[in-house]
Amino acid sequence: MRYRTKLVVDLKLLGENYTQLRKLAPANQILFMVKANSYGHGMIPIVRSAVEQLEIKEFGLATTGEALYLRQELPSLQFEAYVFSDVQIELQTCTDIYLHQRIIPVISSLSDLRFFLSHLQFRHFPLCLKFNTGMNRLGIVLNDLELVTDLLKKYQRREIYHLMSHLACSSRPLVPDDRNDQQYAAFTKIKQYLQDCGITVVKSSISNSGAIEQQFGLKTETHIRPGLMLYGPSSLGLAGSWQGKNISRLETHVISFFPVKQGDAVGYGGASVPEDGRIALIALGYGDGLSTRYRGVKIACGPAQGEFFGRVNMDMAQIFFPGDQLPNLKEGDIFTVWSHDIQDIMRLSFQMETIPYELVCQLTGRIPREYCY
Ligand SMILES: *Cc1c(COP(=O)(O)O)cnc(C)c1O
């Protein structure tokens, strides 16, 4: 057990983000993406709070195992669970899970569709189809649309329960006729074609956080599929207009706070201190998910500007404060790596040329998650 090193997850802020989201998309239903342990925040408390406090009823996972875990841990809650990428529908174990645990696999290939339709057990099971409209990752391609409708006819399926596509570039500011527009146009065409063939599309969705933030793809679809924005950060990075709060705060404490002189060699590899100052040694390292890529990243402590200095260790990291930037710190004090202000995690990820998604997801199980309501 760690003391004073924790990821505090404030579920009130999840509610506030939800209220903000509702202003952008008042009419859409929400399929909340909670894959990867709710983006590192802890899936069970997040989903429980989303169902009980926010009345969200649909959740997106990446793997069958994640969905099964959710069902098993929250047996009395009413919600739908979708598995998106690691579907493995052809494995008997997975088929059994879908059928007996009310978990819906998202069908993203012709071979999975054939398997699904030809297996009698799935006869009355909701069919959820994902098309590739230009992301070129997963999804049935446009050229196979006719094959899809032929298969649906052959197996007397008149309904698609949820039709989906995923946007490749919604995290960039929208420009007319860009990739988002092209993907959206392709999606609209697919939906129209299916409907013209007499197939009912019950639900549809295309927008993830970046799109929702820019109010793209909302009017014509029943659903939206937000992930990141409900946890706080903007998918558009520092250019975003999203007013979320980071539901998490990463805290640790100062193990040691000591003076250093210019030229001193500090830590593994002996990084040379550029000028006189002080080092705060904090109780977080790559064993906790703070990667060595934090090296050189600027971080504030109150008004003082420091930086991750030298190599991040397995259990600790050095923060260097130059002489004119001495923070009001002593051993044992709490040190906040990121606060509930989304700018913190966005600045950190920007400096590391990564994305906020990665910084939270990579936090290991060694860091206790503490929930407040
Ligand atoms: C992860 C995911 C989302 C959510 O994306 P965010 O950028 O976190 O909003 C939506 N749809 C699909 C298919 C996904 O895999």
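Student: In which strand does Tyr 161 lie?
Tutor: The model before us is predicted. Within this predicted model, the element that holds Tyr 161 is strand β8.

Student: Is Tyr 161 buried or exposed?
Tutor: The relative accessible area of Tyr 161 is 15%. A residue counts as buried when this value is under 20%. Tyr 161 is therefore classed as buried.

Student: Which residue joins its side chain to that of Tyr 161 in a polar contact?
Tutor: Apart from neighbours within four places in sequence, Tyr 161 is in contact with Glu 80, Tyr 82, Ile 104, Pro 126, Leu 127, Val 202 and Lys 203. One of these has a side chain joined to that of Tyr 161 by a polar contact of 2.9 Å, namely Lys 203.

Student: How far apart in space are Tyr 161 and Gln 325?
Tutor: Along the sequence, Tyr 161 and Gln 325 are 164 residues apart. From C-alpha to C-alpha, the distance between Tyr 161 and Gln 325 is 58 Å.

Student: With which side chain does the side chain of His 166 make a polar contact?
Tutor: His 166 is placed in the loop between β8 (159-165) and α8 (179-196). Leaving out neighbours within four places in sequence, its contacts include Lys 130, Phe 131, Thr 133, Gln 183, Asn 208 and Arg 225. The polar contact, at 3.2 Å, joins the side chain of His 166 to that of Arg 225.

Student: Are α6 and α7 roughly parallel or roughly antiparallel to each other?
Tutor: Helix α6 (residues 110-118) and helix α7 (residues 145-154) pack with their axes 11 Å apart, at an angle of about 5 degrees. Angles under 35 degrees count as roughly parallel. The two helices, α6 and α7, are therefore roughly parallel.

Student: How many residues of the contact of α6 with α7 are charged?
Tutor: On the side of α6 the contact is made by Leu 110, Leu 113, Arg 114 and Leu 117, and on the side of α7 by Leu 147, Val 148, Leu 151 and Leu 152. Seven of these residues are nonpolar and none is polar. The number of charged residues in the contact is one.

Student: Which helix is among the elements that cover the buried residues of α6, besides α5?
Tutor: The buried residues of α6 are Leu 110, Asp 112, Leu 113, Phe 115, Phe 116 and Leu 117. Their cover includes α5 (92-101), the strands β5 (103-107), β6 (128-132) and β7 (140-141), and also helix α7.

Student: Which residue caps the N-terminal end of α1?
Tutor: The buried residues of α1 include Leu 11, Leu 13 and Leu 14. At the N-terminal end of α1, a side-chain oxygen of the capping residue lies 3.0 Å from the backbone nitrogen of Lys 12. That capping residue is Asp 10.

Definitions and conventions: Residues numbered from 1 in each chain as written. Predicted model: local features only at pLDDT ≥ 70, side-chain atom pairs only at ≥ 80, totals over all residues. Heavy atoms only, no water. Axes fitted to C-alpha atoms, helices over the stretch in contact; angles between N-to-C directions. Helix = DSSP H or I, 4+ residues; strand = E, 2+ residues; numbered from the N terminus. Parallel < 35°, antiparallel > 145°, perpendicular 65-115°, else oblique. Contact = heavy atoms within 4.5 Å. Nonpolar A, V, L, I, M, F, W, Y, C, P; charged D, E, K, R; others polar. Buried < 20%, exposed > 50% of the residue type's maximum accessible area, 1.4 Å probe, protein only. Polar contact = N/O pair within 3.5 Å; in protein donor to acceptor, adjacent residues only side chain to side chain.
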